[in-house]
Amino acid sequence: MSQPSLNQWQGCLAGVLVGDCFGFPYEDLPRKKTFPNTIEFIQDDLEKIKIGEMIPYDRGIKKPGNPSSPDGKPLPSWMSSSGSSSGGASNSGLRQYTDDTSMTITFAKFLIDSNNSLDYVNLARRFSAEYELDKPKMRGYGPGVKRLLTKFQEVNFKDVFQYALETFDGQGSLGNGCGMRISPVALYTINDPTLERLVDITIDSCLLTHTHPQGIFGGIFQALAVRQALLFGGRRKEKPSAIEFLNTFETEFKSILTNGATSRRTATYRTGYQIYQDKINVIRRFLEGGPSSWDLKKVIDELGNEVLSPKSIPTALFCFLASFQEIDFINTDNHFQRAITLAFTLGGDTDTIGGMTGAICGAYVGLDGFPQKFVASCEASGKILNVAEKLYGKCMTQILLN
Ligand code: R7I
Ligand code: MG
Ligand code: MG
Ligand code: MG
């Protein structure tokens with residue numbers, strides 16, 4: 001297996017950014033529109049992007065002369081270039097990112113700056129500090145996470161792991177917030193074939209905000225999907241089929257319950273596993289049927305497009321795998337563009353499903369594999385590519401030291 005390249009590292013994190021920035025404006029659209037209208041609309045929006053030309057939200061998602069979004073909902077002021085936005089990003093015409101990208105960048109920088117033993121109180125501090133900076137920009141953090149990041153500051157970061165346990169009537173959050181920010185862990189732990197580091201860091205970081213077993217297994221699911229995309233994609237000559245990719249993924253995902261290096265940690269949360277195994281079977285059934293058999297309403301019913309981990313994280317893997325082949329209702333021959341378009345078309349939590357699809361597909365095709373105009377149209381594109389390069393440098397140094 002060839003070593004994953006810097007291009008894949010950058011593709012992964014830029015994939016989060018593009019999926020998030022472009023996905024956000026479509027949140028909840030298709031539920032209210034019929035699919036043919038939605039897909040036409042999304043494709044039109046993506047086609048309008050020209051290299052070097054930054055498109056503000058209102059040009060990107062509104063029809064000319066229409067003061068509201070296509071479903072009739074008024075746009076938040078920061079999404080309109082004429083609105084009084086304190087966010088800044090929309091004023092420059094760049095598409096603004098949300099909490100998904102913000103927490104991903106913070107997590108990646110934390111890994112870059114840390115030595116081998118990770119200090120999760122420091123991670124909590126960083127998430128809270130970034131949340132404070134993000135406040136005027138309306139990045140759309142999940143309500144549970146907002147309360148936690150505020151609480152951490154109030155208690156001066158004492159016992160930070162205690163508070164997430166108390167959320168949602170003591171069940172802990174199963175929101176997709178762990179999966180949405182986890183891709184840097186897959187990059188950081190790429191050199192550990194035992195998966196011990198991937199599982200440990202995913203669980204420990206997830207527990208700061210998401211303690212529900214399904215939230216935790218969601219994070220592991222997404223981290224493993226990104227890992228496999230790195231290992232199977234890039235310059236590797238023999239590419240697997242979508243089904244082969246899924247089968248290998250399933251074996252790895254199962255192994256974390258039994259593998260000696262990971263079972264010690266995963267056993268506590270094992271009740272979170274089965275729902276993802278069931279989703280893998282659903283993905284397989286859809287892939288075997290092929291695009292002509294997909295009724296998108298059924299895809300949404302069975303895989304989900306919601307903010308809950310089991311109803312969005314496997315959906316992202318599906319969007320990536322479904323796009324291995326042409327899809328008749330999506331007019332592009334680019335894998336990355338097809339995958340995020342499919343994610344947006346499914347509606348619901350589009351920034352997060354788009355971002356997670358983008359992370360997996362970006363890791364697979366690499367930055368060179370997707371339209372550069374997408375990246376250039378997003379806020380913080382230079383920053384995220386730089387962070388990816390630093391994280392890559394750190395991982396390559398580790399190889400040399402070992
Ligand atoms: O998971 P989280 O960070 O949210 C991420 C989402 C992404 O779509 C982002 O783009 C952003 O929009 O938010 O934040 P949480 O607040 O922990 O979870 C998100 C939501 O999931 C909560 O507000 C709840 O509606 C729901 N949820 C639950 N509902 C019932 N029971 C999470 N856990 C539970 C639960 O245990
Ligand atoms: Mg978001
Ligand atoms: Mg949201
Ligand atoms: Mg979201």
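In this briefing, donors are N, O and S atoms within 2.8 Å of the metal (3.2 Å for Na, K and Ca), and because water is not among the atoms, sites may look incomplete. By that criterion, the donor residues of the magnesium ion (ligand 4) follow the sequence spacing D-x1-D-T. The structure is a predicted model, in which local features need pLDDT of at least 70 and side-chain atom pairs count only at pLDDT 80 or more, while totals for chains, interfaces and linings use all residues. Residues are numbered from 1 along each chain as its sequence is written, chains are lettered from A and ligands numbered from 1 in the order in which they are written, and side-chain values use heavy atoms, with hydrogens and water left out.

**Magnesium sites**

- The magnesium ion (ligand 4) is coordinated at 2.0 to 2.2 Å by Asp-349 (OD), Asp-351 (OD) and Thr-352 (OG1).
- Asp-349 has a relative accessible area of 8% and is therefore buried; the term means under 20% relative accessible area, with exposed meaning over 50% and partly exposed the range in between (1.4 Å probe, protein chains only).
- Thr-352 also counts as buried, at 3% relative accessibility.

**Salt bridges**

- The structure holds 11 salt bridges, each defined as a side-chain nitrogen of Lys or Arg within 4 Å of a carboxyl oxygen of Asp or Glu.
- One of them joins the side chains of Glu-132 and Lys-135, with an N to O distance of 2.9 Å.
- Glu-132 is partly exposed at 33% relative accessibility, and Lys-135 is partly exposed at 43%.
- Another joins Arg-139 to Asp-134 at 3.1 Å, N to O.
- Here Arg-139 is buried at 3% relative accessibility, and Asp-134 is buried with a relative accessible area of 3%.
- Asp-200 and Arg-264 form a further salt bridge, in which the closest N and O atoms are 3.8 Å apart.
- Because Asp-200 lies in helix H10 (residues 196–206) and Arg-264 in helix H13 (residues 263–266), this pair ties together parts that are 64 residues apart in sequence; helices (H or I, at least four residues) and strands (E, at least two) are DSSP runs, numbered from the N terminus.
- Asp-200 is buried, with a relative accessible area of 18%, whereas Arg-264 is exposed at 52% relative accessibility.
- Through shared partners, salt bridges join Glu-196, Asp-200, Asp-204, Arg-264 and Arg-265 into one network.

**Packing of H12 against H16**

- Two packed helices are described by the angle between their axes and the distance between the axes.
- Helix H12 (residues 242–258) packs with helix H16 (residues 313–322) at an angle of about 150°, and their axes are 9 Å apart; axes are lines fitted to C-alpha atoms, for helices over the stretch in contact, and angles run from 0 to 180 degrees between N-to-C directions.
- Ala-242, Phe-245, Leu-246 and Phe-249 in H12 meet Leu-317, Phe-320 and Leu-321 in H16, where contact means heavy atoms within 4.5 Å.
- By class, the contact of H12 with H16 has 7 nonpolar residues, no polar residues and no charged residues; Ala, Val, Leu, Ile, Met, Phe, Trp, Tyr, Cys and Pro count as nonpolar, Asp, Glu, Lys and Arg as charged, and the others, Gly among them, as polar.

**Surroundings of Gln-222**

- Gln-222 is found in helix H11 (residues 213–232) and counts as buried at 1% relative accessibility.
- Leaving aside neighbours within four places in sequence, Gln-222 is in contact with Gly-179, Ile-182, Ile-313, Met-356, Ala-359 and Ile-360.

- Asp-159, a residue other than glycine, has a positive phi near 50° and is found in the loop between helix H7 (143–154) and helix H8 (177–181).
- Asp-159 is partly exposed, with a relative accessible area of 43%.
- Phe-168 is found in the loop between H7 and H8, and its phi is positive, near 50°.
- Phe-168 is partly exposed, with a relative accessible area of 44%.
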